[in-house]
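Dear colleague,

I am passing on the structure that I have been working through, and I would be grateful if you could look it over. The sequence and the coordinates come first, and my notes on what was found follow below.

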Amino acid sequence: MNSGLPPSAAPLGGAGIPNVKVKFCRYYAKDKTCFYGDECQFLHEDPSMASLPLHGGGGSPVPLSMAGGGGTPAGYSLGGSATACPGGAGTGVPRILPGMEGATLSDANLTNSYFSSSFIGVNGFGSPAESKYSMMQRMTTSSSSPSLLNDGAKNFSHNPVNSPTSSLISHLAPNPAASEFIPKGAPRMATMAQSTVQAFPSPLFAHPGLSSSTAAALAPGMSLSAGSSPLHSPKITPHTSPAPRRRSHTPNPANYMVPTTASDQGTHIIQKETVGGTTYFYTDNTPAPMTGMVFPTYHIYPPTAPHVAYMQPKANAPSFFMADELRQELINRHLITMAQIDHSENPDVPSEVDSYHSLFPLEPLPPPNRMQKTSNFSYITSCYKAVNSKDDLPYCLRRIHGFRLVNTKCMMLVDMWKKIQHSNSVTLREVFTTKAFGDHSLVFSYDFHAGAETMFSRHFNDPAADSYFTKRKWGQHEPPPPRQHAGLLPESLIWAYIVQLSSALRTIHTAGLACRVMDPSKILITGKTRLRVNCVGVFDVLTFDNSQTNHLALMPQYQQADLVSLGKVVLALACNSLAGIQRENLQKAMELVSINYSSDLKNLILYLLTEQSRLRSVNDIMPMIGARFYTQLDASQMRNDVIEEDLAKEVQNGRLFRLLAKLGTINERPEFQKDPTWSETGDRYLLKLFRDHLFHQVTEAGTPWIDLSHIVSCLNKLDAGVPEKISLVSRDEKSVLVVTYSDLKRCFDSTFQELQAAASGSL
């Protein structure tokens, strides 16, 4: 029978052996040359010879990689003489591979192409035994691209390196260094190392959390680009390909250890993944980890980072907890957030306003007969902290007394203000009217920043600071002008305020709005230097003119007024007195600025306070700020480093508290399931002795031995279940039990699950 194939394409092995069809090498057929040379898995024949008759038997030419030698395990040749096959030629016994008992080698089990979009199974034959070798051919469609040295990689019991079929697999598996896996434009590799590269090296780490499931290494000097893919794949790497997705994968701490030897630096890890029917090969550029590294098996507390330790005065003793200053500030914020009032003593404060409850006045409430209108809004105002019943979050309510909202068209501006999200501006959430206070009131709801104080109360609450600008009686001598750090604010603090206020104005003006509340009484300060502009949007509602068709027509004029107000605030800060911004004291105030501060600060104040022929922009003062912006950025990042270091001290405390809470529910329980001895028997007895080991140890003299590091270390070892052994001694000292932390963890988990099951009623 003539099938149109050349003699070399005849079924291998002769009679009685299942047919193994071999394909032509596409590279040899096209260019009369092949990248793989004698190691190619396909026939180096001319397809034009397809009209020649077929010849059976062992005389047909067979590629080197499929001959009965050359790296194929003895007894498992896919071609060559009939004696190379178990059972001999013509016996009809199907070939059986190690680990594939029951799986025969037939046409149905073979693939028709080694370079299809879905590669063959790693055992080379797509047989039911593929599940045993799934670790070597991973076909995944998940959203993350697992690394071969990934800390989350699963451990497999099968070792492909030591298995009898490892060398067979290394020949049958597709070669990722083939030219069709090299991106277009990449230089063609002229030579290739002839030595066989170990495709699946053994794990580098003995620790289970750091062991690698597989690793495909490329020969030294050979590399693939991150986006390399087969020819049938799109030239543009899709967003679902492994190359971009692997960047978001959780890093392995071992990968940050860079090898020091030159030979290690030339090694590249080849990743392979199939997404949407397309298999991608890409290079893992992460430095290969060094062998012999040891990581802690349980949580530990490292020392303070050196860049933070040298940033602040050293404490008297190392601490597991955050700095006292930061802790006190956070505690004060929590106290203010949770503060409530006694309604029996404050009957004028309603218990509920619209969807808000638990109102707490943030400003002293004067008697009704002494209420005065504010100088900013020309209305009587009051401020409350309240909790929204919709989301249970605290908000700040600014109430405008006796204001009746006639038209709701102003809500267009309110919606624009709601979109303003800036770190130096208090965000407006909603505006509503209410009669809960006994009159028609307009209420503005803002984000609540606990512990904030106004710039007025922080810097302008000292009457003695105005003495330099007050008029003198006849015969009185004028006092000497104040100096920096001796009555005046440091210039660095003023520039920090300028950067933040100008940043807030820039965002507001870009949105087409105007601040209109650039006043020391409406600027909040939290912490040491953090500013936020408060009460934004109030003027837009109070002064809304319904007769105007274009309600944003006056915004450029209001924006120019914002710049003038900013200049007044900066001048008041430079003089440390609000009297300095009065017209009669302006010249004297500028002389004070010239003496004590830089020319840049003086020029900025003059630019903001002087009338200009053209419209000014907040961007015009950026050159005046200059490199001081980088100073503020550096200070902000240093502050962030300090806070992160304090957070690192507390990051494990919640977990340790949960461990102690669970341990407390188990130890000394009087009765469980009507068994009064439950806590004194079985696993519970071990946990009781561990509790004594944790808290009740004594010295040789019989005095209590209290060591916080001992408690923290033992709890961390219990949570991790390390194999370390400890001795638990009974209280009468007649019994000594040697157990591991892993045993204690098992007892701990099973006992607490038993309690949980009983509490939920499932037991």
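Over the protein chain the mean pLDDT is 73, with 62% of the residues reaching 70 or more, and please keep in mind throughout that this is a predicted model. Confidence is highest in strand 9, at 97, and lowest in helix 2 (residues 166–172), where the mean is 39. Two stretches call for particular caution: residues 51–251, over which pLDDT stays under 50 although the model has 361 contacts beyond four places in sequence for them, and residues 255–265, where pLDDT likewise stays under 50 and the model has 19 such contacts.

As to the overall architecture, the protein chain has 19 helices and 16 strands, and 39% of its 763 residues count as buried. Among the contacts in the chain with a separation of 6 or more, 67% are between residues 24 or more positions apart.

Binding-site annotation

An unreviewed UniProt entry lists R398, D447, F448, H449, A450, G451, A452, E453, T454, S521 and K522 under "binding site". Of these residues, H449 and A450 are included in the lining of the largest pocket.

Two of the annotated positions can be described in some detail. R398 lies in strand 7, which covers residues 394–400, and it counts as buried because its relative accessibility, 7%, is under the 20% cut-off. Not counting residues up to four places away in sequence, R398 touches E363, T381, S382, C383, L442, V443, F444, Y446, N534 and C535. With E363, the side chain of R398 also makes a polar contact of 3.5 Å.

D447, for its part, is found in strand 9, residues 441–447, the strand that has the highest confidence in the chain. Its relative accessible area is 18%, so D447 is likewise classed as buried under the 20% cut-off. Beyond four places in sequence, the residues that D447 touches are Y395, C396, V426, T427 and R429.

The largest pocket

How many residues line the largest pocket, and which of them are the closest to its centre? The volume of this pocket is about 1,400 Å³. The lining consists of 35 residues, and those closest to the centre are T529, R530, A635, S636 and R639. At least two lining residues are supplied by each of helix 6 (324–337), helix 9 (491–510), strand 14 (530–533) and helix 15 (628–650), with helix 15 giving the largest share, 12 residues.

Helix 15 also holds M638, which is partly exposed, since its relative accessible area of 32% falls between the 20% and 50% cut-offs. The C-alpha atom of M638 is separated by 8.3 Å from that of M311, although the two residues are 327 residues apart along the chain.

A further annotation from the unreviewed UniProt entry, "coiled-coil region", is listed for residues 627–665. In the model this span is 92% helix and 0% strand, and its end C-alpha atoms lie 59 Å apart.

Other buried positions

L359 has its place in strand 5, residues 356–361, and is buried, with a relative accessible area of 1%. Leaving out residues up to four places away in sequence, L359 touches I341, V349, P350, V353, Y384, K385, A386 and F437. Between the C-alpha atoms of L359 and Y395, which are 36 residues apart along the chain, the separation is 9.7 Å; Y395 is also one of the residues that D447 touches.

Q560 sits in helix 11, residues 555–575, and counts as buried at 16% relative accessibility. Apart from its neighbours within four places in sequence, Q560 is in contact with L615 and R616.

S577 is found in the loop between helix 11 and helix 12 (586–596), and with a relative accessible area of 1% it is buried. Its contacts, again leaving aside neighbours within four places in sequence, are with F460, A465, D466, F469 and A572.

With best regards

Terms used
Residues numbered from 1 in each chain as written. Predicted model: local features only at pLDDT ≥ 70, side-chain atom pairs only at ≥ 80, totals over all residues. Heavy atoms only, no water. UniProt positions renumbered as here; feature names shortened; annotations may be inferred. 1 Å grid on protein atoms, 1.4 Å probe; cavity = no way out; pocket = protein on both sides within 12 Å on 5 of 7 lines; lining within 4 Å. Helix = DSSP H or I, 4+ residues; strand = E, 2+ residues; numbered from the N terminus. Buried < 20%, exposed > 50% of the residue type's maximum accessible area, 1.4 Å probe, protein only. Contact = heavy atoms within 4.5 Å. Polar contact = N/O pair within 3.5 Å; in protein donor to acceptor, adjacent residues only side chain to side chain. pLDDT = per-residue confidence, 0-100. Points joined across faces, edges and corners; volume = space filled by probe spheres on them.
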